[in-house]
Amino acid sequence: MAEWLYEAGIGENRAALVSRGNIWKARIELEGTGARAGAVLDARLVDRHTGKVALAGGGEALCDPLPKGITQGAALRVKIVREAIPEPGRAKLPKAVPALADAALDPGLDLLGRITATGLPVRTLRAHEPDLLEEAGWSEVLEEAVTGEIVFPGGALRLSPTPAMTLFDVDGPAPLEPLAVAAAHAVARAIERHGIAGSIGIDFPTLSGKAARNAIAEAIDAALPQPFERTAVNGFGFLQIVRRRTRPSLPELLRADPIGAETRAELRRMERLPPPPPATHMVSMRIARRMAQQPGWSEALARRTGGTTRFVSAKEQNLEA
C-alpha cells in the first residue's frame, strides 16, 4: 500500500510517496518559504501597471486581474495561485488573484498539510529510526533532480529545466518505436516523481509513421495522471505537455541553490550518526562557508544530536595543524 514518508529536517522538510519500495513522488519544502499556494493574504497595491502587490508579513506578488477601480497604495486581499519560482538571476514572483469578498485570512497548507490532505497514510520519520527514505531511493532521486540524468530500461532521459519550459531529451538504441514508448512511460513517472508542471517539452526519436507517433501519445495519456493538456507528436518527434503549476519542481529548487542542497543533505547524514556526535566534521569549503552563514542550522543539529559539531574544511584543518 502506498504511504507518505515525512521528515522534518534541518533547513527543509521532506516527503516521499512510497509504494512497493519505490518513490513515486518526492517533495521538499525549504524553511522560510514565501507565500504558499492557496494562501489568502492582505496586500497593498504597489504598481497598478504591473499588478505588483506587497504582501502583509513580507514579500511581493503579481496580482491579475486587479479589482476594478483600485488605486495605487490601496489595500486588498489576495489569494496565491502560484508560489515563487526560482530562476537564474532572479525569481519569478508569486502569482495572485483577488480573494473572494468573504475569504478569511489563511496561510495555506504546508508540506505536511498537503500530504495529509491526500488521504493516504503519513508516517513521520525520526533520525534514530531506520532510514526508510534512503531505502526507497531518496539520494538517487535527488541526484536525478540535480544532474538531469534519468535511466530507464532500454534508454535514458536528460532533464533540463529552463525559464520557458522543462525539457526531456530521449536517448537510446534502435529499434526506435519501443524506445519511444518506454521513454513516454519514463517521462510520465519522472514528471510525477519530481513535481514538474507548467510547460513541458519532450524530444522523442523521429518516427516516420503516424501510428508510431500516436502510440507515444497514448502511452503519455495512460501513464500521466490528469489533469494536463498535450499536443500530438509532430514529425520531428516533439510533444508538449501543459500542467497547472502551483509551486517549483524538485529540480528547480535544488538547482537554484546547489550549495544549500548539499549542506542540508550533509546535515541529514550527521543527524543519523551514532552518538556521541563528533566535535569536528570535515566538509568541502563551500559547505563550511554555508554553515557559517547559517548558525541556526548548527544550533538545530546540536539540539537533535546532544552535542556541538564544528564543520571545517580541509584547508581550515591544515591551517590549524
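At what angle do the axes of α7 and helix α8 cross? Roughly 85°, and they come within 9 Å of each other. Axes here are lines fitted to C-alpha atoms, for helices over the stretch in contact, and angles run from 0 to 180 degrees between N-to-C directions. α7 is therefore roughly perpendicular to α8. The cut-offs are these: under 35 degrees is roughly parallel, over 145 roughly antiparallel, 65 to 115 roughly perpendicular, and the rest oblique.

Some ground rules. This is a predicted model, where local features need pLDDT of at least 70, side-chain atom pairs count only at pLDDT 80 or more, and totals for chains, interfaces and linings use all residues. Residues are numbered from 1 along each chain as its sequence is written, and side-chain values use heavy atoms, with hydrogens and water left out. Helices (H or I, at least four residues) and strands (E, at least two) are DSSP runs, numbered from the N terminus.

Back to the helix pair. On the α7 side, the residues that meet α8 are Ile259, Gly260, Glu262, Thr263, Glu266 and Leu267. On the α8 side, they are Arg286, Ile287, Arg290 and Met291. Contact means heavy atoms within 4.5 Å. By class, that gives four nonpolar, two polar and four charged residues. Ala, Val, Leu, Ile, Met, Phe, Trp, Tyr, Cys and Pro count as nonpolar; Asp, Glu, Lys and Arg as charged; the others, Gly among them, as polar.

Stay on α7, residues 258–271, for arginine 264. Is arginine 264 buried or exposed? Buried, with a relative accessible area of 4%. Buried means under 20%, exposed over 50%, partly exposed in between, using a 1.4 Å probe and protein chains only. Leaving out residues up to four places away in sequence, arginine 264 touches Ile10, Gly11, Glu12, Arg14, Leu30, Asp257 and Trp297.

Compare another arginine. Arginine 20 sits in the loop between β2 (12–19) and β3 (22–30). Arginine 20 counts as exposed, at 69% relative accessibility. Its phi is positive, about 55°, although it is not a glycine.

Helix α4 (residues 176–194) packs against helix α5 (residues 210–223) at about 25°, with axes 8 Å apart. So α4 is roughly parallel to α5. From α4, Glu177, Ala180, Val181, Ala184, His185 and Ala188 take part. From α5, the partners are Ala212, Ala215, Ile216, Ala219, Ile220 and Ala223. The residues of this contact divide into 10 nonpolar, one polar and one charged.

Now the sheet. Six strands form an open sheet, in the order β12-β13-β14-β15-β17-β16, with mixed pairing. Two strands pair if DSSP finds at least two bridges between them. Leucine 159 stands opposite phenylalanine 168 in β14. And α4 lies across β12, β13, β14, β15 and β17, running at about 130° to β12.

Last, two cis peptide bonds. One joins alanine 174 and proline 175, with omega about 5°. Proline 175 is in the loop between β14 and α4. Another joins proline 275 and proline 276, with omega about 0°. Proline 276 is in the loop between α7 and β18 (280–283).
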